[in-house]
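Thank you all for coming; I would like to take a few minutes to walk through one model with you.

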Amino acid sequence: MELRCGLRTTKCQLLVTSLCVMLLGLSIATLSTVTHYGLRFTLISNVSLDSNAYKVIHHTAFYFGICLSMTLILAALLSSAATVQESQCLTATGFFCFALAFCGLIPAACWRYTHSMEVEDSMMDVYDFVYEEVRRNTSSFRRHELTAIHEAFLCCGKHSPFGDTTNVENKTCPPDQVHDEGQDCLQEIQDFLKKHMDFVFLLLGITIGFTVYGMFLTSFLWFSIHFSSNLYRKGKYILRER
């Protein structure tokens with residue numbers, strides 16, 4: 001009786017956890033899509049050179065996020081089905097999906113913590129390159145790209161040690177941003193990316209917690225189903241005729 005009561009409690013907890021994991025998976029998929037197709041990220045990616053690391057990071061983060069979100073959603077669906085049907089096979093598969101997602105979440109969180117400066121530097125390098133190209137008047141196409149960046153980030157120019165930048169700002173900044181102070185684009189890009197990366201790290205941390213809890217619940221459910229099935233079989237008696 002106590003085993004069946006514990007099994008019922010575990011099933012309820014696993015259903016709630018599966019729902020939360022599914023929502024987290026959808027959140028990661030949405031965040032990956034916004035990061036990949038968002039205006040600011042897309043502008044920097046399109047402008048960046050092949051030698052710049054940002055374009056590789058940009059595409060890798062998108063595909064990794066989509067794969068991770070699909071794994072989390074699959075784990076949630078399998079766990080929910082295992083809870084309803086009390087299937088050991090589905091429970092074990094759900095545990096495997098949770099473990100697989102965990103193995104992807106930990107390196108992602110560590111990478112964000114150790115390589116956040118690399119992402120910031122690569123984005124600011126792209127802006128520096130475009131800005132200096134426009135300052136040297138070598139390309140009208142670069143001037144349009146710089147104007148698009150200024151409009152997207154709502155900033156205007158930068159503090160350059162190479163001379164006066166007023167001419168560049170007058171040509172590429174929005175009219176209401178030309179004379180504003182404190183709108184340095186390098187600082188604006190850095191602040192924007194820091195907020196984005198902090199949100200990513202928070203989402204990964206919450207997902208890791210629910211993933212570990214899901215692994216614990218699925219393993220406990222598997223053993224509960226196993227021992228409950230054994231007890232049920234032991235309670236049956238078969239009478240044979242002599």
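**Salt bridges in the model**

Lys 194 and Asp 198 sit four residues apart, about one turn of the helix, and both belong to α7, where helices are DSSP runs of H or I of at least four residues, numbered from the N terminus. This is a predicted model, in which local features need pLDDT of at least 70, side-chain atom pairs count only at pLDDT 80 or more, and totals for chains, interfaces and linings use all residues. Residues are numbered from 1 along each chain as its sequence is written, and side-chain values use heavy atoms, with hydrogens and water left out.

The side chains of Lys 194 and Asp 198 meet in a salt bridge at 3.2 Å, N to O, the term meaning a side-chain nitrogen of Lys or Arg within 4 Å of a carboxyl oxygen of Asp or Glu. Lys 194, at 47% relative accessibility, counts as partly exposed, and so does Asp 198, at 34% (buried is under 20% relative accessible area, exposed over 50%, partly exposed in between, with a 1.4 Å probe and protein chains only).

Salt bridges that share partners join Asp 128, Glu 132, Arg 135 and Lys 158 into one network. Within it, Glu 132 pairs with Lys 158, their closest N and O atoms being 3.2 Å apart. That pair links distant parts of the chain, 26 residues apart, with Glu 132 in helix α4 and Lys 158 in the loop between α5 (140-153) and α6. Glu 132 counts as buried because its relative accessibility is 10%, and Lys 158 is buried at 8%.

Definitions and conventions:
Helix = DSSP H or I, 4+ residues; strand = E, 2+ residues; numbered from the N terminus.
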